[in-house]
Amino acid sequence: MDSRLVPDRLPTRPEIAVFVSGVTSMGLEILAGRILAPEFGNSIYTWGGIIGVFLAALSLGYHRGGKRAASNASHSRLVGVFLVTALYVAGVVLFGDLVVQSTDVFPLPSQFASLPAITILFGPPTYLLGYVSPYAAELAGGDVGATAGHVYAVGTVGSIVGAFATTYVLVPTLSVPQIGLVLGLSAVAAAAAVGAPDLRGHSGLRVGVVTVALVAAAAVGGVGPGVTGDTVYGTQTAYQELRVVDRDDTRTLYLDGQPHSAMDREDPTRHVFEYTRYFHAPLLFTDDVDRVLFVGGGGFTGPRIFHERYPNVTVDVVELDPAVVDAADEYFGVPDSPRMNVHVGGGRQYLAETNRTYDVIVLDAYRKDTVPFQLTTVEFMRLAAERLDDDGVLLANIISAPTGPASEFYRAEYKTMERVFPRVYSFPTAGGPVVQNIEVVATKDETLLTREQLQARNEKRDIGIDLSADLRSYRRDEPTDDVPVLRDDRAPVDSLLDGMVGQRYVRTRANESGAVNATPTN
């Protein structure tokens, strides 16, 4: 073997400690986003809070660890730091969901709502990991400047490895408890490596006890309230946590803990949620629909119903997450048909690259707490309008309130669409000022259609569904003076969503007669 490929020496115990602390701290930082997303979303406030808390905890750990290192740094203390960190990670795995769901008792503005959970769950272990670098620098000895530089370089390399490994390996393949187990075991392994010469007796017992605690916590998988029903499939994707849950005759796709799509297993073409009935509304605004694009696939509820009910319509679907496509195909039955075309990628990128035009574009990629801003701006709306035929219709499924403090995002999006489309209409699905699905319809036709005219078309046209009850929520000319037009260079979507934090989201269930039942979810 070429001697140049063999390291000059094995890594020292301080080097191992610093490297693993970097791996573990960065892995925990990415894991924090997954644990917090179901309750607080993936907004800039959530990630800003995560980064800020981790940096503050590390800085405090560096400071306190540096002051103590000169007098009491030892390999045995490093072992203790890693074992306590691993034990705390076991607690995060076991009680993380419970803590996240309990911190809404703090009277904080919505943009700061995630800070208590971040601090409680990840402040202490990150603070402890901050002790490692100054302890390791003291134990390594030698020239102060050279040693400190080497120690922090090794720690940074560990952070790089932790970031890439967690992002590209752990998250796509393991569940949150399993990721916590891997990160906790890495701390245990570091403790064993640092204390290797003295692992007999009490030290070895501590390593064994912490290992058992980690494995037990991962096996239990967390305590606290969860989704009711039988989970038939679950995974961590590159973008979100995905679960398919059966309850009675309904199969529901949950993304980051929130219900996204639902299907009646006995009648897959029946509308379970009221808002999906409005996907048929564009057929009242335009004639001769033969090609429809859905931006956002989820459980393919809307695309499948269009495919089955309208045999002359070709349906294209763009879904960003390939794991969602696979789950929809396996558990929701995506039709294998030349009239159903599935594209994996971003909706805006697809519209920018395709030369195809559509009669209807359904924008179903927004969520209550996570909205891709690039699909909200006036530039995107112009692109969508270019991909619509002359009498084409855009329907956007927006989750917001129609009035009140929680309505800012809806009214900003309404104002943005008015900058591009001659006519914009909206249809709240639950009534009242609560957070709900609001279906916004924008047309390239300048002709104004009244509620009465739409009701008349509903009676005359055979669109396969009676929307007479749904059309009663017709609205237009919304007040928008106090909200901005969303643009690529300024789309404050996160701040516009602030008013919805902590508000009850009312999703209505429907039957084919148009009667609805409100189903509130937090």
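Tutor: In this predicted model, helix H4 has a kink of about 45 degrees at Phe122, shortly before the proline Pro124. For 16 residues at 1.5 Å a residue, a straight helix would span 22 Å, whereas the end C-alpha atoms of H4 are only 20 Å apart.

The surroundings of the helix come next. Buried residues of H4 include Leu121, Phe122 and Gly123, and also Pro116, Ala117, Ile118, Pro125 and Thr126. Towards the end of the list stand Leu128, Leu129 and Gly130, which are likewise buried. The partners against which the buried residues of H4 pack are H1, H2, H3 and H5.

Beyond its neighbours within four places in sequence, Phe122 is in contact with Leu28, Ala32, Ile35, Phe54 and Val92. Phe122 also belongs to the largest nonpolar core, which has 55 residues. Together with Leu28, Ile35, Phe82 and Leu214, Phe122 touches the most other members of that core. Two or more residues of this core come from each of H1 (13–40), H2 (44–72), H3 (75–102), H4 (115–130), H5 (132–140), H6 (144–173), H7 (176–194) and H8 (202–220). H3 supplies the largest share, 11 residues.

Note on methods: Residues numbered from 1 in each chain as written. Predicted model: local features only at pLDDT ≥ 70, side-chain atom pairs only at ≥ 80, totals over all residues. Heavy atoms only, no water. Core = buried A, V, L, I, M, F, W, Y, C linked by side-chain atoms within 4.5 Å. Buried < 20%, exposed > 50% of the residue type's maximum accessible area, 1.4 Å probe, protein only. Helix = DSSP H or I, 4+ residues; strand = E, 2+ residues; numbered from the N terminus. Contact = heavy atoms within 4.5 Å. Expected span 1.5 Å × (residues − 1). Bend = angle between axes of the 7 residues up to and from the residue.
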